[in-house]
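Please consider the following report on a protein assembly. It is intended to be read alongside the sequence and the model.

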6 protein chains.
Amino acid sequence: MRPSGRAVDQLRPVSLETGVNRHAEGSCLIGFGETRVLCLASVEERVPPWLRGQGRGWVTAEYGMLPRSTGSRTPREAARGKQSGRTQEIQRLIGRSLRAVVDLQALGEVQITVDCDVLQADGGTRTASVTGGYVALALAIDHLRAAGTLSVDPLRDHVAAVSCGLYQGQAVLDLDYAEDSNAEADANFVLAGQGGIVEIQGTAEDSPFAPDAFDAMFALARKGITELVAAQAEALAKARA
Amino acid sequence: MRPSGRAVDQLRPVSLETGVNRHAEGSCLIGFGETRVLCLASVEERVPPWLRGQGRGWVTAEYGMLPRSTGSRTPREAARGKQSGRTQEIQRLIGRSLRAVVDLQALGEVQITVDCDVLQADGGTRTASVTGGYVALALAIDHLRAAGTLSVDPLRDHVAAVSCGLYQGQAVLDLDYAEDSNAEADANFVLAGQGGIVEIQGTAEDSPFAPDAFDAMFALARKGITELVAAQAEALAKARA
Amino acid sequence: MRPSGRAVDQLRPVSLETGVNRHAEGSCLIGFGETRVLCLASVEERVPPWLRGQGRGWVTAEYGMLPRSTGSRTPREAARGKQSGRTQEIQRLIGRSLRAVVDLQALGEVQITVDCDVLQADGGTRTASVTGGYVALALAIDHLRAAGTLSVDPLRDHVAAVSCGLYQGQAVLDLDYAEDSNAEADANFVLAGQGGIVEIQGTAEDSPFAPDAFDAMFALARKGITELVAAQAEALAKARA
Amino acid sequence: MRPSGRAVDQLRPVSLETGVNRHAEGSCLIGFGETRVLCLASVEERVPPWLRGQGRGWVTAEYGMLPRSTGSRTPREAARGKQSGRTQEIQRLIGRSLRAVVDLQALGEVQITVDCDVLQADGGTRTASVTGGYVALALAIDHLRAAGTLSVDPLRDHVAAVSCGLYQGQAVLDLDYAEDSNAEADANFVLAGQGGIVEIQGTAEDSPFAPDAFDAMFALARKGITELVAAQAEALAKARA
Amino acid sequence: MRPSGRAVDQLRPVSLETGVNRHAEGSCLIGFGETRVLCLASVEERVPPWLRGQGRGWVTAEYGMLPRSTGSRTPREAARGKQSGRTQEIQRLIGRSLRAVVDLQALGEVQITVDCDVLQADGGTRTASVTGGYVALALAIDHLRAAGTLSVDPLRDHVAAVSCGLYQGQAVLDLDYAEDSNAEADANFVLAGQGGIVEIQGTAEDSPFAPDAFDAMFALARKGITELVAAQAEALAKARA
Amino acid sequence: MRPSGRAVDQLRPVSLETGVNRHAEGSCLIGFGETRVLCLASVEERVPPWLRGQGRGWVTAEYGMLPRSTGSRTPREAARGKQSGRTQEIQRLIGRSLRAVVDLQALGEVQITVDCDVLQADGGTRTASVTGGYVALALAIDHLRAAGTLSVDPLRDHVAAVSCGLYQGQAVLDLDYAEDSNAEADANFVLAGQGGIVEIQGTAEDSPFAPDAFDAMFALARKGITELVAAQAEALAKARA
């Protein structure tokens, strides 16, 4: 039934390649099927003005799409002179999601910016950004710990994200673009490794949908995120080996 | 336990005053407790370029806060030269929510813009905007029907919204500012009159929260939205009398 | 002769409602006929950089129109990314007018910003802004005096404003939109309570007009402003009672 | 008494040099004492969108200051990314002033843009711009008439402008920078050749000023503008010889 | 003598990977040592407004750097709201360089945009962009030819680019970042496959340099570009196989 | 053969008028034939943030064109809200060129900004800006030395610039607009007084050009710049007399 032939509860193949940038303190190129997002975590000594002198750190994210990451070319935001509402919404979501698993007090007065740049889009770029961004963030924190800057680990848990949707009346896991553009509803779930809710965003497309359908999507998301967290753990273990 | 002394499932007093602007085709000044949002619906003959010539209409929304609607003065977005990410996120949410209950084909090639301007903020400005914006939209559609432009009613249902939160570990309905700034989690629910889900946005503040807490908030939201829909119906009945 | 049936030297009904915003240190909703401007005065401890450390204060104003305050919807300045020349011209006028009656030395190192937002426009929004803005400013100064911050009163006089025009060859007082859009000339007068000139702006519409006509408009303005100052005094007395 | 030693009713030396740009249809370099403004009038076939197809023309103006036209360097507006409120206010004034003496119907569907760029500033740049801009405009209209595009003369009269001020309690004509920065009040008068009022803008500096002082400034302005109109006529006669 | 230990006339290892994006009509990931630029060519039916209806095509380029492509994080241009002067200078150079080898008449009314996005920077990003951009462009033209849109080949020659510099008084080929930031002069050469000059930009760093040194750099560039053209030919042959 | 009738190695008449602005520390109005650029050098005590406290100075340039300096009116950059890529490219070139002959250490912690504003354009505005900007800069340095601020002369040499082109297959010196818009290639040369290269920018127009042609242009440039440096020396001698 799904255009890709996947089972309703089947993720696309997930790849997490680390160490892909020589400058960034943490880096991860994540693939959700054909979607590719380059996640680069940068450590800076300066925190935002409103945080200075409080001994607490900050984690933030920025998001962008290369103009031809999409099926037809999208105008470059730098040339248009502003980031779209969609871009800002997504980067705010990524930032909030990552901060939910970081003890900012333990991080100390340091800012980590996670840049998520979409090299190729096929649906799920924001959920891939959260999932890959977590790995880049974890590696940047490793870098700080290796440098002796941090004595305790400010990471409290994993965080990962996946989208679900109602496609032809059926709840399905991890929408690709062909499904996403025809879904009746879609929802993005961001969960911590231990199952706590970090963020839920569900949206009807043309008309309202039933609470039951929402519950079905949530159940699929839990399954998918368990698999994504395992993939993160594996990538991190390999990078640290 | 709540700063306002309300019961956990108690909305703030809701007021919906219609006919508050002599120019707009539909208007509603909504109050959720001390929060006041002026919702003005404007009908225009022109639809956006990508819709032209298709015989379908469009409903969109814009959102703004007066600089001193907030406790301390917020810089004016027009003077800063751009709308914040938060503003864009909110106005996209309002627009999607209203479109979910409109048959755009039945509306015909007409655009209705619902401007939601916050005169005074005390939490819940986005949910008040959806709820009051619906009333302004319905009155603008009445205006088109009275003018003979529309033979069928493009409105398929009510839509209303409310926020819930976890405050001191307890799920509560309709956060005011004092609660919102101290909540452990908050969620905005947008539901149609018949109970269908239009939009759900739940966010953890400092750390992930349990799925049970989400369910408790959803139950409160259903109760609150039932009351809001009744208040909308009453305000519309009075305006049409 | 006038579309409204008013005598040539007759103001529209004036209303000045105070205490209309719970956050602002001074607030006034002014009505000139169908024109409604919400004037909110905010006190801030910070003065502009070029004034710092001199012990003097500053009074400034910002002006905006809600998109549907006008007969047909005007695009939102925050969305367009800049304030129009007209907006800047008006807010500079309001700021200069208010400063002309304030002893900035006596005010001390404090800034008061008066936001004038037009909820509904029917001509005369800039003169209503000055007139209502004065009341908001006076109440904000009351607030500072009540707080013990100010021992002397920095307000030296009232200031109020009204427009006049040549309509069908006749000088008339307080143009509404129907007159304004057909006037041969119009002039805005800002006068202090004791009759001193604060600002005069007279403009021919299609062709130059005679000095006599200017004198006739000035005489009408003096009459109208005397009435506006009385209305300000009454509103302040009531607010202070 | 005046820093320059001039009599109270004495203009600075006025110079009007025409034919100073090989591309512009009309050009005039005007000097008011040390103030120098280059006024270039450009004819274009296109009128603004809202005028198209009506057979009427348009006259507009733009104003700018070279960064070092001022005593200390002013940041370049093109680099700052926007025109200041002051710039917009001045260019709107110049445009309105020139249009007041043009029969736009007789001009036909043509736009004339008068660019007024200040090469050196010493007070009075806006009044010099109106006065010199008129000469550039008249020459551009000559150009259209010589080309056979226009059969009737759309210019109905001269227009010129001068500032007056209260300096040490005395009304004086044509403020230079030294006076302007110390005046108690200043007023700009734009009059047509036959004495009709085109625009009056009077502003108190620190405190309101008396109506008598305004009358005294107006009388000085009439004298000065008579002299400026004579200088315009002479420059045009010479250019046309 | 060179930080990298290379001979003065030795390029860094060059890699040209094609077919790296599923959406773009032509794609190439180029590596000049540690510098990585993703070059994606997009075909669009629309040419710029000033070219419409002339039967000629257009080739243009855009350039960007991911924020953490650099040693320390560079603010994102989309967030800053404008492209820097450097960015604009580089993308204009790439566009001119590619157009110099395309017969725009033969291309027909089609636009090809080559986006060059720097994933990792280590000097030479603009020369890598031209060299890799050519390969992406050639593949996009292949795509048009395969689709039967083009009957003749609009590509007249190869084009490739390399930088040279004076480092410790010695002319060297293909500067990496360590050399670039300490060079006394640097020059970018863009040459066609047959040796014709497309663009030369030479710049002294701290003080003027001798014409002899320029000649030495030019000679090195010719050698380097011969090698780059061979690498392009090989990559294209492989992609076409 | 040349539209102007000049010999291939003949400059247009060059004029360098100094002392043309009463405010600027150094000023020069340069003419290259019909091209006129007003170059004003401003001394400021403040250096850019990244230079503060190092005891070194800075020289920078800004460039602009009056809207009607060109054959048809060009929109004003301040009104469009940004400087074009061409403008930024040119002003970066002027700044680099001037810095190449200044000992910034000897200048001390002072910034000199050279504003080059084109009053009338007929080709060669960037080369005229460098050549005239040098004279303005030298006079501003004279001003600092006369004021006793500088004990040593931070100017190490002259710098001047000229364009060359291939016009009908022939290398020619100092392109005017008629040639520039029809040239097969053009190159801008910036040389120091002693012949050292400061900047070279050569560009093919429609197709690559031969290295021989580049050499021919370079030879012409050397001759032209020798003449320009002599004209600079003469103008400075006269200004200092």
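The model is predicted. In it, chains E and F contribute to an open sheet of eight strands with antiparallel pairing. The strand order is E7(E)-E6(E)-E8(E)-E9(E)-E9(F)-E8(F)-E6(F)-E7(F). At the edges lie strand E7 (170-173) of chain E and strand E7 (170-173) of chain F, each of which pairs on one side only. With direction ignored, neighbouring strands of this sheet are turned by 15 degrees against each other on average.

Within chain F, strand E6 (residues 159-167) and strand E8 (residues 185-192) run antiparallel and are joined by eight bridges. F:Val162 has F:Phe189, in E8(F), as its bridge partner.

## Helices packed on the sheet

Helix H2 (residues 85-99) of chain E packs on the sheet. In chain E, H2 touches strands E6 (159-167), E8 (185-192) and E9 (197-204), and it also touches strand E9 (197-204) of chain F. The direction of H2 makes about 150 degrees with that of E9(E).

Helix H4 (residues 125-146) of chain E packs on the sheet as well, touching E6, E8 and E9 of chain E. The direction of H4 makes about 160 degrees with that of E6(E).

Conventions
Residues numbered from 1 in each chain as written. Chains lettered and ligands numbered in written order. Predicted model: local features only at pLDDT ≥ 70, side-chain atom pairs only at ≥ 80, totals over all residues. Heavy atoms only, no water. Pairing = 2+ DSSP bridges. Helix = DSSP H or I, 4+ residues; strand = E, 2+ residues; numbered from the N terminus. Axes fitted to C-alpha atoms, helices over the stretch in contact; angles between N-to-C directions. Contact = heavy atoms within 4.5 Å.
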